[in-house]
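Biologist: Please show me the model, and then let us examine the grounds on which its features are named.

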Amino acid sequence: LRPWLLVVRGWEAARWAAAVGKKFVVAGVLVALSVIILYLGCAIEVLDLTMSAIVSLLVVVIVIEMGYKYAWLTYIATAILSILLLPQKSPAIFYACFMGFYPIIKSYLERINSALARWIIKLVVGNAALALMFILMSLFLPDEFEGGWLMLVTYLLGIIAFLMYDVALSKLITLYFVRIRDRIKIYKFLK
């Protein structure tokens, strides 16, 4: 056989392993940063939803720069660690039930050509996530969760907030591509 071909293939395998290692390092750093940011949401209680939204922007960066596999892994690791480690569970529940996975789902949904079908599916996903969030908050935070008409008003406000979040996320993704991506150059590090 050709011994030089084995050397070339071995070199390519080493380059591939280095690229995968870099992606895992970046994903691990972003998981740690995400848990720290969510912890800040616990420390300052009025910022729990805001910190969950900020952490979801890190998921957007992972989807764009590293792909879906690393985005799902980062989401799962951050959700598990935040639920286990955070003293107050509301930022972890916001992240795990909605804000962590929605940027990944959004990238799939934006491929749908029909705007009407895209928004209907987004509303179904948003309603399902909001319902799951209400169920988990009633289980984990029974003292802070009230039922009745206040729950209905909160649910409706949650749908409005979801629609605003989706539009804002689209604008922030555009901002990332236009202004931020070339400044932080994660894609060059990952090559």
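Modeller: Ten residues line the second largest pocket, namely L57, V60, V61, L169, L172, I173, L175, Y176, I180 and I184. The model is a predicted one.

Biologist: What volume does the second largest pocket have, and which helices supply at least two residues of its lining?

Modeller: The volume of the second largest pocket is about 160 Å³. Helix 2 and helix 7 each supply at least two residues of the lining, and helix 7 gives the most, with 7 residues.

Biologist: Which helices and strands does the chain hold, and in what pattern?

Modeller: The chain has 8 helices and 0 strands, and along the sequence the pattern reads α-α-α-α-α-α-α-α. Of its 191 residues, buried ones make up 38%. Among contacts between residues at least 6 apart in sequence, 75% join residues at least 24 apart.

Biologist: Why is helix 4 described as largely enclosed by the rest of the structure?

Modeller: The description follows from burial: 10 of the 10 residues of helix 4 are buried, so helix 4 is largely enclosed by the rest of the structure. The buried residues are S90, P91, A92, I93, F94, Y95, A96, C97, F98 and M99.

Biologist: What makes up the largest nonpolar core, and which residues have the most contacts inside it?

Modeller: The largest nonpolar core has 47 residues, and M66, Y95, F98, Y102 and M133 have the most contacts inside it. The elements that give two or more residues to this core are helix 1 (3-43), helix 2 (48-66), helix 3 (68-85), helix 4 (90-99), helix 5 (102-109), helix 6 (115-140) and helix 7 (149-184). Helix 2 gives the most, with 9 residues.

Biologist: Which residues does M133 touch, leaving out those up to four places away in sequence?

Modeller: M133 touches I93, F94, C97 and F98.

Biologist: How many aromatic pairs does the structure hold, and why is the pair of Y75 and Y95 called tilted?

Modeller: The structure holds 13 aromatic pairs. In the pair of Y75 and Y95, the distance is 5.8 Å centre to centre and the angle between the planes is 45°. Rings pair if their centres lie within 6.5 Å, and planes under 30 degrees apart count as stacked, over 60 as edge-to-face and the rest as tilted.

Biologist: What makes the pair of Y102 and Y165 tilted?

Modeller: The ring centres of Y102 and Y165 are 6.1 Å apart and the planes lie at 50°, so this pair is tilted. Y102 is in helix 5 and Y165 in helix 7, 63 residues apart, and the pair links distant parts of the chain. Y102 is buried at 0% relative accessible area, and Y165 counts as buried at 11%.

Biologist: Which residues do ring pairs link into a cluster?

Modeller: The cluster consists of W72, Y75, Y95, F98, F101, Y102, F162 and Y165.

Biologist: Why is T78 called buried, and which residues does T78 touch?

Modeller: T78 is located in helix 3. Its relative accessibility is 0%, so T78 counts as buried. Not counting residues up to four places away in sequence, T78 touches V31, S34, V35, L38 and Y95.

Biologist: Why does V26 count as buried?

Modeller: V26, in helix 1, has 14% relative accessibility and so counts as buried, the cut-off being under 20%. Apart from neighbours within four places in sequence, V26 is in contact with M66, F189 and L190. The C-alpha atoms of V26 and T74 are separated by 9.9 Å, while the two residues are 48 apart along the chain.

Notes: Residues are numbered from 1 along each chain as its sequence is written. This is a predicted model: local features need pLDDT of at least 70, side-chain atom pairs count only at pLDDT 80 or more; totals for chains, interfaces and linings use all residues. Side-chain values use heavy atoms; hydrogens and water are left out. A nonpolar core is a set of buried Ala, Val, Leu, Ile, Met, Phe, Trp, Tyr and Cys residues joined through side-chain atoms within 4.5 Å. Buried means under 20% relative accessible area, exposed over 50%, partly exposed in between (1.4 Å probe, protein chains only). Helices (H or I, at least four residues) and strands (E, at least two) are DSSP runs, numbered from the N terminus. Contact means heavy atoms within 4.5 Å. On a 1 Å grid over the protein atoms alone, a cavity is a set of points where a 1.4 Å probe fits but cannot get out, and a pocket is an open set with protein on both sides within 12 Å along at least five of seven lines; lining residues have an atom within 4 Å of a point. Grid points are joined across faces, edges and corners, and a volume is the space filled by probe spheres set on the points. Rings of Phe, Tyr and Trp (its six-membered ring) pair if their centres lie within 6.5 Å; planes under 30 degrees apart count as stacked, over 60 as edge-to-face and the rest as tilted.
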